[in-house]
Amino acid sequence: MGEAKTAPTEVAAADFIAAIESATRRAEAEALDALFTRATGERARMWGPSILGYGSYRYRYDSGREGRGPRVGFSPRKAKHSLYLHGCGGEGPSAEYDALLARLGKHSRAVACVYVNKLADIDLGVLEELVRWSWKQSFIDWPES
């Protein structure tokens with residue numbers, strides 16, 4: 001099996017955010033970084049070229065593939081912010097996760113993330129609740145083999 005494409009890098013999260021061309025998108029990334037830091041108690045670390053991740057966890061698929069990923073994170077993409085939260089994907093979201101999303105505001109979903117066009121479209125207090133909930137759900141770690 002190949003190496004995971006999303007792995008921690010040595011790029012400073014603050015440098016990545018400072019290099020975002022759009023002033024609006026950069027300000028929103030700063031706001032998301034502050035929210036995720038507050039909700040998790042962790043500082044951002046870059047995972048791959050564009051994901052700001054908080055904490056890490058170890059996963060193992062039924063196929064036997066294992067790796068590490070950020071417990072929660074986001075990527076300030078040009079079109080939409082991608083929010084990486086546990087509760088989506090895997091065996092499906094829980095009723096609690098769905099209830100929080102119902103209160104979030106304008107967003108769309110995919111298997112493993114929530115997409116937000118701009119922060120003005122959502123309730124940041126609810127997003128912080130989602131991040132806290134997701135943080136608690138994501139603590140999965142197996143002993144080293």
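Is Ser82 buried or exposed, and what is its relative accessible area? Ser82 is buried, at 2%. Buried means under 20% relative accessible area, exposed means over 50%, and partly exposed lies in between (1.4 Å probe, protein chains only). The points below start with the model and the whole chain, then return to this residue.

1. **The model.** This is a predicted model, in which local features need pLDDT of at least 70, side-chain atom pairs count only at pLDDT 80 or more, and totals for chains, interfaces and linings use all residues. Residues are numbered from 1 along each chain as its sequence is written, and side-chain values use heavy atoms, with hydrogens and water left out.

2. **The chain.** The chain holds four helices and eight strands. Helices (H or I, at least four residues) and strands (E, at least two) are DSSP runs, numbered from the N terminus. Read from the N terminus, the order is α-α-β-β-β-β-β-β-α-β-β-α. Of the 145 residues, 41% are buried. Contact means heavy atoms within 4.5 Å. Among contacts with a separation of 6 or more, 56% join residues 24 or more positions apart.

3. Two strands count as paired if DSSP finds at least two bridges between them. Strands of a sheet pair through backbone hydrogen bonds, either parallel or antiparallel.

4. **Ser82 in its strand.** Ser82 belongs to strand 6 (residues 81-84). Strand 6 pairs with strand 8 (residues 114-116) in the antiparallel sense, over three bridges. Which residue of strand 8 is the bridge partner of Ser82? That partner is Tyr115. Leaving out residues up to four places away in sequence, Ser82 touches Gly73, Phe74, Ser75, Arg77, Val114 and Tyr115.

5. Strand 1 and strand 2 pair in the antiparallel sense over three bridges. Arg45 has Gly53 as its bridge partner in strand 2. Three residues lie between the two strands of this hairpin, and Gly48 there takes a positive phi near 65°. Strand 2 also pairs with strand 5 (residues 72-76), again antiparallel and over three bridges. Here the bridge partner of Gly53 is Gly73.

6. **The two faces of strand 2.** In a regular strand the side chains alternate between the two faces of the sheet. In strand 2 (residues 51-54), Ile51 and Gly53 point one way. Leu52 and Tyr54 point the other way. All four are buried. Leu52 contacts Ala13, Phe16, Ile17, Ala44, Arg45, Met46, Val72, Gly73, Phe74 and Pro76, leaving aside neighbours within four places in sequence.

7. **The core.** A nonpolar core is a set of buried Ala, Val, Leu, Ile, Met, Phe, Trp, Tyr and Cys residues joined through side-chain atoms within 4.5 Å. How many residues are in the largest one? It has 31 residues, and Phe36, Leu52, Leu83 and Leu85 have the most contacts inside it. Helix 1 (13-18), helix 2, strand 2, strand 5, helix 3 (95-104), strand 8 and helix 4 (124-137) each supply at least two residues. Helix 4 gives the largest share, six residues. In soluble globular proteins, nonpolar side chains tend to be buried together.

8. **Helix 2 against helix 4.** These helices pack at an angle of about 45°, with axes 9 Å apart. Axes are lines fitted to C-alpha atoms, for helices over the stretch in contact, and angles run from 0 to 180 degrees between N-to-C directions. Helix 2 is therefore oblique to helix 4. Angles under 35 degrees count as roughly parallel, over 145 as roughly antiparallel, 65 to 115 as roughly perpendicular, and the rest as oblique. The contact includes Leu32, Leu35 and Phe36 of helix 2 and Leu124, Leu127 and Trp135 of helix 4.

9. **Helix 3 against helix 4.** The axes of helix 3 and helix 4 come within 9 Å and cross at roughly 160°. So helix 3 is roughly antiparallel to helix 4. Among the residues in contact are Tyr97, Leu100 and Leu104 of helix 3 and Val126, Leu130 and Trp133 of helix 4.

10. **Ala31.** Ala31 lies in helix 2 (residues 23-40). Ala31 is partly exposed, with a relative accessible area of 35%. Its C-alpha atom is separated by 8.9 Å from that of Leu119, 88 residues apart along the chain.
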